[in-house]
Amino acid sequence: MDETLSGPDSHETGQGPHGRLFGDWGGERSRLLARGVRFDFQYISDSLWNLKSEQPERLASWNRFRWTVDIDFGALTGQHDLFFHATALWQGGGNLGTYLGLLTSPSGMSSQNTCRLDSWWIEKRWFNQRLTARVGQFAGQDFYGAQHYAASFIFEPMGYALGNLFTDVESFDPPSPPAAEVRFVPLHNLYVKSMVMAADPDPFAHNHTGLVPQFRGTPVSVSEIGFTPGTKATSVRAFDNVETRKGYSGLYQFGASYNPAKFTTATGERQSGNYLLYWMASQALWRVDPKGAKGLDGTFAYDWSPGDVNRNNSILTAGIRFNEPLPLSIHNTMSLGSVQNHLSQQFGPSGPPRVKTEHAVEFNFLLDVAPMLLLQPVVQYYANVGGRSHRALVFGFQTKVEF
């Protein structure tokens, strides 16, 4: 039940009876948790302002309320290693990335206004979690090509998942399609997992509420192999949290996705099949205490897809995070991230000016200002906006409230 919220929605603040605005509901939350039932209700917003760009200044606020329930049937009914998850949300607001014409979205949350059931699944584990199967409605980008340190960043390619994974229609959150996944841990520090999902090119339009599964498009397959120095592969999840940062933990991933459908090439021809490859590394670099969490972490990711089929065919991200840099009693981090969005020249004009690689840099400071409240101010700088010779400077903050 510990891999249920993705990207910026994943928990970064301290949990427990005093880690929520409404507390322990008079002890009811603890009683339900003892029976295997866990409820989450949270609010997250990204408020971003383009201080400098070719467009007029504008404050854009993107807001999300998310409700989640997780059930462990082992504690509830005695059916051990059987779990259920469901999450629904309302989201809406201004999408600053679309307004500025950026490839690197300033917010890892912003997409379309919607109120819907996002995802649900039934999960069964065998052999002490060495084999896991999951079936239901969930998104590929929540688990494949997702940034392990996502909660420590704001802009999309580092605050959620690599931004061009939809080139072969790998699904994303919240319009999650029907899917199935198998995960196998053959060795202590090694896992292999694979997922098949419906490749719906317009999921918001085809399933407005998320209540009726839509089997549209071809089946997309995505697989990943991961190596986990410093921790057990059975305990690794797509996104890290404060507890898993202790010691010299790391995660090294290689993944590939494939869609057998027909795609239009740069020359206008129809071609069968499209694919994307990605490499990711997240590693604790230095610790004040070898068993503690205070210190530096590094992250790197790169993906590639054929340039004759995909306009935004490659992304490179790199970042560094300082856990607990200030001697405060509250949790805090400082993070610096960089993104390069590469555009295929085959989709650009035949002569000058040629399309350019978009560069983005972000610095943010995360503060757990109260047990139920997280504040994350951020400054972002963009060069070659949308592959053109324009620049943008963005300032803002993310707010997260745990109810």
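The side chains of lysine 193 and glutamate 224 meet in a salt bridge with an N to O distance of 4.0 Å, where a salt bridge is a side-chain nitrogen of Lys or Arg within 4 Å of a carboxyl oxygen of Asp or Glu. Lysine 193 belongs to strand S7 (residues 190-198) and glutamate 224 to strand S8 (residues 219-227), so the pair ties together parts that are 31 residues apart in sequence. Helices (H or I, at least four residues) and strands (E, at least two) are DSSP runs, numbered from the N terminus. Both lysine 193 and glutamate 224 are buried, a word that means under 20% relative accessible area, while exposed means over 50% and partly exposed lies in between (1.4 Å probe, protein chains only).

The model is predicted, so local features need pLDDT of at least 70 and side-chain atom pairs count only at pLDDT 80 or more, although totals for chains, interfaces and linings use all residues. Residues are numbered from 1 along each chain as its sequence is written, and side-chain values use heavy atoms, with hydrogens and water left out.

The structure holds 19 salt bridges, and three of them are set side by side here.

| Salt bridge | N to O distance |
|---|---|
| Lysine 193 and glutamate 224 | 4.0 Å |
| Arginine 38 and aspartate 70 | 3.3 Å |
| Lysine 246 and glutamate 243 | 3.3 Å |

The pair of arginine 38, in strand S1 (residues 37-52), and aspartate 70, in strand S2 (residues 59-72), links distant parts of the chain, 32 residues apart. Arginine 38 is partly exposed, with a relative accessible area of 23%, whereas aspartate 70, at 1%, counts as buried. In the remaining pair of the table, lysine 246 is partly exposed at 43% relative accessibility, and glutamate 243 is exposed at 53%. Salt bridges that share partners also join Glu12, Asp240, Arg245, Arg287, Asp297 and Arg321 into one network.

Rolling a probe the size of a water molecule over the atoms shows where empty space is left. A search of the whole structure finds six cavities of 30 Å³ or more, a cavity being a set of points, on a 1 Å grid over the protein atoms alone, where a 1.4 Å probe fits but cannot get out. The largest cavity holds about 210 Å³ of space, a volume being the space filled by probe spheres set on the points, which are joined across faces, edges and corners. Its lining consists of 20 residues, of which Glu3, Glu123, Arg125, Thr132 and Arg134 lie nearest the centre; lining residues have an atom within 4 Å of a point. Strand S3 (82-93), strand S4 (114-126), strand S5 (131-137) and S6 are the elements that give two or more residues to this lining.

Two single residues can be compared by their surroundings. Serine 171, in the loop between helix H4 (156-159) and strand S6 (178-187), is buried, with a relative accessible area of 5%. Not counting residues up to four places away in sequence, serine 171 touches Phe138, Ala139, Gly140, Gln141, Pro177 and Met197, where contact means heavy atoms within 4.5 Å. Arginine 391, by contrast, lies in strand S16 (residues 391-402) and is exposed, with a relative accessible area of 59%. The C-alpha atoms of arginine 391 and glutamate 358 are separated by 9.5 Å, although these residues stand 33 residues apart along the chain.

Definitions and conventions
On a 1 Å grid over the protein atoms alone, a cavity is a set of points where a 1.4 Å probe fits but cannot get out, and a pocket is an open set with protein on both sides within 12 Å along at least five of seven lines; lining residues have an atom within 4 Å of a point.
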